[in-house]
There are 2 protein chains.
Amino acid sequence: MARNKHPEETVSLILDVSYRLFMEKGYEHTSIQDIIDHLGGLSKGAIYHHFKSKEDILVAVTDKMTEESNKMLAVIRDRTDLTGEEKLKMIFKESILRPVQDDIFTVAPNLSNNPRLLFSIFKETVQDAAPHYILPILEQGIKDGSIRTDYPAELSELIILTANIWTNPMIFDNSAEESYRKFMVFRQMMQGFGLDVVDDEMLARLQELAAIYQKNK
Amino acid sequence: MARNKHPEETVSLILDVSYRLFMEKGYEHTSIQDIIDHLGGLSKGAIYHHFKSKEDILVAVTDKMTEESNKMLAVIRDRTDLTGEEKLKMIFKESILRPVQDDIFTVAPNLSNNPRLLFSIFKETVQDAAPHYILPILEQGIKDGSIRTDYPAELSELIILTANIWTNPMIFDNSAEESYRKFMVFRQMMQGFGLDVVDDEMLARLQELAAIYQKNK
DNA sequence: CTTTCAATACCGCATGACGGTATGTAAATA
DNA sequence: TATTTACATACCGTCATGCGGTATTGAAAG
């Protein structure tokens, strides 16, 4: 294929195709050749010019998946008009009410047979989201008195893992009812830590999302 | 090699070797040939006679890893002299004080670079341990009044995932201090659910274990 | 007690798929 | 024009798995 004057577009194309295939067939069952076949004329050389390995593509895909969500997290984290607890509440509200994941839900669910992709998201959550977004908020909450804990680093990990991974119906392949019940347990857990971050509007929306997911199975 | 009159021994050998290699090098970086090389004369055909695929070996290895722990869980679950809450406490005590995992800790830590093995354990925990061992105990606890929850199935999942996966220093590659703090958070979480299952003796032992793990890194 | 025979434990080469590399080429840029 | 860069093409080594074949077994038949 002819050389592209804007190579970012080629990178983007490779990532989009890879994302779709990784979700549909799983990372391990997607071959480089599969990706090439959906690239519309591009070759193996193109891929290995822009990415150093298949795993490198996986990392980039994962980053892209979490990018938008992370932007939202950063905005809330950096506001100065909210207490730590209020920020936490806002995060959960945002991620449920206006999820980037709407398309994820409709594209090709079921990470429960996709070890590598799941692991990659898992790692990103622990190594990036927890320390860079949740932890600072907990630390602020400790200072402003809205949050009380002796172990903010560990608590931030537990919170984000529970919220982002465990209650994610795409990962655990849960029904609408199961997701709803998980969120009720999550709410209770947060209350146990003295945090009241889940309200009824959020629960209603969650049921809606889970229903969408079920339909596209 | 000569044919073995007791083929279970061959199966067992293959599993032992595979387990060691999967832990040391990771599942994906262990080739069938690697396994053969450590089998003492057995061939590729032997492996594929007893197992239908490499993945099949992984499943069998995982089963064997959790087998002993599951036996313990079954014994406690089936006792008739304890309340639900007491059983929970005993489970955590057992799994910490007398861990089968002592050897796992010394053999070859670090599942944080072993997506497939981790995923396999993860799946086993959710699909087997939670519903078959923890859930019945919660249900009993609801009946005998020692445990209160509206969502026993979801709570059992959350508890076992947090206890077995999140606080596992082998999986998250935590230091002794980090593991200790995680367990403190876990304790607080359980207290939030009205469950008092962690005592000081357990915390002391946990610090010990984490130290062992650190030494063998 | 011996012979027969089917089941099964095991061998090891063949094969095709796959991830990755080396090298070539032409367009873009400086 | 010279250099860099975006891609193409041919090729390599490794790997999981398939498969035709052989040797050993245990049990039943003679």
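Contact here means heavy atoms within 4.5 Å, and it is in this sense that residues are said to meet or touch in the predicted model described below. In helix H1 of chain A, the residues A:Ser12, A:Leu15, A:Asp16, A:Ser18, A:Tyr19 and A:Phe22 meet A:Ile57, A:Leu58, A:Ala60, A:Val61, A:Lys64 and A:Met65 of helix H4 in that chain. The axes of H1(A), which covers residues 7–25, and of H4(A), which covers residues 54–77, come within 10 Å and cross at roughly 90°, so that H1(A) is roughly perpendicular to H4(A).

Chain A as a whole comprises 11 helices and 0 strands, and the order of its elements from the N terminus on is accordingly α-α-α-α-α-α-α-α-α-α-α. Its C-alpha atoms fill a box of roughly 60 × 35 × 25 Å along the principal axes. Of the 217 residues in chain A, 52% count as buried, and among the contacts in this chain with a separation of 6 or more, 69% are accounted for by residues 24 or more positions apart. The domain assignment divides chain A into domain 1, given as 1–51, and domain 2, given as 65–216; the centres of domain 1 of chain A and domain 2 of chain A, taken over C-alpha atoms, are separated by 30 Å.

Helix H5 of chain A, residues 84–97, has 14 residues and reaches 20 Å from its first C-alpha to its last, which is close to the 20 Å expected at 1.5 Å a residue. The buried residues of H5(A) are A:Gly84, A:Lys87, A:Leu88, A:Ile91, A:Phe92 and A:Ile96. Because these residues cover an arc of only 160° around the axis, they lie on the same side of H5(A). For helix H1 of chain B, residues 7–25, the end C-alpha atoms are 27 Å apart, in agreement with the 27 Å that its 19 residues should span at 1.5 Å a residue. The buried residues of H1(B) comprise B:Thr10, B:Ile14, B:Leu15, B:Val17, B:Ser18, B:Tyr19, B:Leu21, B:Phe22 and B:Met23, and just after H1(B) the residue B:Gly26 takes a positive phi of about 90°.

Several positions in chain B bring residues of both chains into contact. B:Val185, located in helix H10 of chain B, residues 176–192, has a relative accessibility of 1% and therefore counts as buried. When residues up to four places away in sequence are not counted, B:Val185 touches A:Tyr151, A:Glu154, A:Leu155, A:Leu158 and A:Phe193 of chain A, together with B:Trp166 of chain B. The C-alpha atoms of B:Val185 and B:Thr167, which are 18 residues apart along the chain, are separated by 9.6 Å. B:Thr162, in helix H8 of chain B, residues 152–166, is likewise buried, at 3% relative accessibility; with residues up to four places away in sequence again not counted, B:Thr162 touches A:Leu158, B:Thr167, B:Phe186 and B:Met189. B:Thr162 and B:Met202 are 40 residues apart in sequence, with a C-alpha to C-alpha distance of 16 Å.

A loop position in chain B also has contacts in both chains. B:Ser112 lies between helix H6 (101–107) and helix H7 (115–144) of chain B, and its relative accessible area of 18% places it among the buried residues, for which the cut-off is under 20%. Leaving aside neighbours within four places in sequence, B:Ser112 is in contact with A:Phe119 and A:Lys123 as well as with B:Met170, B:Ile171 and B:Asp173.

Most residues other than glycine have a negative phi. B:Asp173 lies in the loop between helix H9 (169–172) and H10 of chain B, and at 27% relative accessibility it counts as partly exposed. In chain A, A:Asp173 also has a positive phi of about 55° without being a glycine; A:Asp173 lies in the loop between helix H9 (169–172) and H10 of chain A and is partly exposed, with a relative accessible area of 28%. Within helix H10 of chain A, residues 176–192, is A:Arg187, which counts as buried at 18% relative accessibility and touches A:Val198, A:Asp199, A:Asp200 and A:Leu203, not counting residues up to four places away in sequence.

Terms used:
Residues numbered from 1 in each chain as written. Chains lettered and ligands numbered in written order. Predicted model: local features only at pLDDT ≥ 70, side-chain atom pairs only at ≥ 80, totals over all residues. Heavy atoms only, no water. Helix = DSSP H or I, 4+ residues; strand = E, 2+ residues; numbered from the N terminus. Expected span 1.5 Å × (residues − 1). Buried < 20%, exposed > 50% of the residue type's maximum accessible area, 1.4 Å probe, protein only. Arc of directions from axis to C-beta. Domains from an automatic or database assignment. Axes fitted to C-alpha atoms, helices over the stretch in contact; angles between N-to-C directions. Parallel < 35°, antiparallel > 145°, perpendicular 65-115°, else oblique.
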